[in-house]
Amino acid sequence: MIALPQLAPCFIKSSLVPKHWDESTIYEIIHSTEYAYDQSIQSSEHWLRLTPTQDNHQTLLDFALHLRPETSLHAFHDAYGNEVLHFSLKQPYQRLMMETRCTVAVMEGRNLDRVQLQRPTAWSPLEYASLQHLMLADPLPEQQLRILTDYARQFLEEARGEIIPTIDAINQTIFRDFTYKPGSTVVGTSVFEVFEKRQGVCQDFTNLMLCLLRILNIPALYRTGYIYTGEENESHIAPDASHAWVEVFLPRIGWCGWDPTNGSRAGTDHVRLAAGRSSYEATPTSGTIYTPFQSEILTVHVKVKRRGALDHEL
């Protein structure tokens, strides 16, 4: 793990713990990222979506960002409500290191077991206008789209048009029938390739589930964040890593998460970072390098522990 003990944080946030939060769902998180280049970079620009979401179900208690090289930051919110930290580097460097340390309290969302929502959904004009782009599947060759459409419709038919059972079934089927296999896909691997090979990682399973939901005109977002896997990393797939899952907008309820990598609904063990229509819009770190280079090595480490478990590291 990258450690920057001598470098003062360049961005800090803090707030009080709400009285109704359960201590068992307050997490301390360290997220370290390093980019190493084969030659000196003269100029670059970067965007970070590393600040956890704040709303009725999640509170950011403290947050600190350490950067090397040091520079000034500009904070703003993007179209999806994500807090974005932007900075530029004009001095030469070969290594860029970023480390965030934060404490987040997560509260249980609404129990969906007794909620009944039937297709077709009667969206209000305002809802439809704002959600329409989240109901459109990415362009695919006609034959591939037909195969995926037939596959998706089976879930809706078996659930007799009920939305939540349809989502549950897709989520659990991907978990059951697809193999979590790091290294089996690359950034450019298509949804249909993942569907055919029946293997991938959390980003691939999230993209596939998004595609199937949007084929059924169910509005869905790509969500990035962290998952608490237990102190021994045994309770979930994808331990000690940034994670990805799906969020669906449900009428009169709002956004709710499903995690196809683990076959579960997103709960108090999921800490939300950023959301977007695609992984590109929700990626934790992105940037533009204005200097030619031959190779880039990216190293990422994440630790998620219940509060107090990281005291020896912090």
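**Entry 1: overview**

I counted 6 helices and 16 strands in the protein. Helices (H or I, at least four residues) and strands (E, at least two) are DSSP runs numbered from the N terminus. The model is predicted, so I kept local features to pLDDT of at least 70 and side-chain atom pairs to pLDDT 80 or more, while totals for chains, interfaces and linings use all residues. Residues are numbered from 1 along each chain as its sequence is written, and side-chain values use heavy atoms, with hydrogens and water left out.

Of the 314 residues, 50% count as buried. Buried means under 20% relative accessible area, exposed over 50%, and partly exposed in between (1.4 Å probe, protein chains only). I then looked at contacts, meaning heavy atoms within 4.5 Å. Among contacts with a separation of 6 or more, 78% join residues 24 or more positions apart.

**Entry 2: the cores**

I took a nonpolar core as a set of buried Ala, Val, Leu, Ile, Met, Phe, Trp, Tyr and Cys residues joined through side-chain atoms within 4.5 Å. The largest has 39 residues, and Leu148, Ile167, Leu213, Val248, Leu250 and Trp258 touch the most other members. At least two residues of this core come from each of helix 2 (142–158), helix 3 (163–177), helix 4 (191–197), helix 5 (202–215), strand 10 (220–227), strand 11 (242–250) and strand 12 (254–259). Helix 5 gives the largest share, 9 residues. A second, separate core has 26 residues, including Tyr37, Phe87, Leu89 and Tyr228.

I listed the contacts of Val248, leaving out neighbours within four places in sequence. Val248 meets Ile167, Leu213, Ile218, Pro219, Ala220, Gly254, Trp255, Cys256 and Trp258.

I fitted axes as lines to C-alpha atoms, for helices over the stretch in contact, with angles from 0 to 180 degrees between N-to-C directions. Under 35 degrees counts as roughly parallel, over 145 as roughly antiparallel, 65 to 115 as roughly perpendicular, and the rest as oblique.

The axes of helix 2 and helix 3 come within 8 Å and cross at roughly 125°; the two helices are therefore oblique to each other. Tyr151, Phe155 and Leu156 of helix 2 make the contact with Thr166, Ala169, Ile170 and Thr173 of helix 3. I sorted these residues into 5 nonpolar, 2 polar and no charged. In this sorting Ala, Val, Leu, Ile, Met, Phe, Trp, Tyr, Cys and Pro are nonpolar, Asp, Glu, Lys and Arg charged, and the others, Gly among them, polar.

Helix 3 and helix 5 pack at about 150°, with axes 11 Å apart, which makes them roughly antiparallel. Ile167, Ile170, Asn171 and Ile174 in helix 3 meet Phe205, Leu208, Met209, Leu212 and Leu213 in helix 5. This contact has 8 nonpolar, 1 polar and no charged residues.

**Entry 3: two single residues**

Is Trp123 buried or exposed? Trp123 is buried, at a relative accessible area of 19%, and sits in the loop between strand 7 (93–106) and helix 1 (125–131). Not counting residues up to four places away in sequence, Trp123 touches Tyr128, Leu131, Met135, Pro219, Phe249 and Pro251. Trp123 and Pro251 are 128 residues apart along the chain, with 7.6 Å between their C-alpha atoms.

Leu60 lies in strand 4 (residues 58–68) and is buried, at a relative accessible area of 2%. From Leu60 to Cys102 I noted 42 residues in sequence and 7.5 Å in space, C-alpha to C-alpha.
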